[in-house]
Amino acid sequence: MEMNLRETLNKFGRGIGLSLDGVCLYGRQLFTALSHLHRHGYIHADLKPDNIMVSTDTKHIKLCDFGSSITPQETMQMTSDCLVSRFYRAPEVIIGCRPLDGAIDIWSAAATLFELFTGKFLFGGTSNNHMLQLIM
């Protein structure tokens with residue numbers, strides 16, 4: 001696959017986002033992939049447009065970069081509140097709730113789909129505290 005979703009958004013979104021049909025197409029595939037991942041006991045933990053590859057015909061996507069993937073049991077030993085890239089980080093990650101589950105991927109997916117449709121970050125905070133302030 002030659003482009004990721006960020007490159008696709010920059011190329012075809014022209015600063016205003018992609019069409020609703022395109023976002024729905026990608027959303028369906030994204031949630032199918034997450035369902036499969038979660039059913040097998042894994043959390044992607046770094047879901048963002050840069051880690052979603054798009055086919056040459058722009059009709060299919062695939063998740064990539066599983067370097068941060070973890071199981072819910074592994075989150076119990078984690079001490080970092082910086083799991084997941086900041087603009088896609090769920091509130092439970094920021095405040096340090098443990099154990100984490102697939103819900104953090106769902107939050108990231110929603111933030112990604114918002115960005116695809118609008119061309120803007122859902123919450124563009126500069127720090128964890130700023131992110132919580134924007135979310136509230």
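Visitor: Which residues touch the most other members of the largest nonpolar core?

Guide: This is a predicted model, in which local features need pLDDT of at least 70 and side-chain atom pairs count only at pLDDT 80 or more, while totals for chains, interfaces and linings use all residues. Residues are numbered from 1 along each chain as its sequence is written, and side-chain values use heavy atoms, with hydrogens and water left out. A nonpolar core is a set of buried (under 20% relative accessible area, 1.4 Å probe, protein chains only) Ala, Val, Leu, Ile, Met, Phe, Trp, Tyr and Cys residues joined through side-chain atoms within 4.5 Å. Among its 16 residues, those touching the most other members are Tyr 26, Leu 30, Leu 34, Leu 47, Ile 52 and Leu 116.

Visitor: Which element gives the most to this core?

Guide: At least two residues each come from α1 (5-13), α2, β2, β3 and α4 (103-118); helices (H or I, at least four residues) and strands (E, at least two) are DSSP runs, numbered from the N terminus. The greatest contribution, 5 residues, is that of α2.

Visitor: Which strands stand at the edges of the sheet?

Guide: The sheet is open, with 3 antiparallel strands in the order β1-β2-β3; strands pair if DSSP finds at least two bridges between them. One side of each edge strand has no neighbour in the sheet, because each has a single partner strand: these are β1 (3-4) and β3 (61-63).

Visitor: What is the bridge partner of Met 3 in β2?

Guide: β1 pairs with β2 (residues 52-54) in the antiparallel sense over 2 bridges. Within β2, the partner of Met 3 is Val 54.

Note on methods
Buried means under 20% relative accessible area, exposed over 50%, partly exposed in between (1.4 Å probe, protein chains only).
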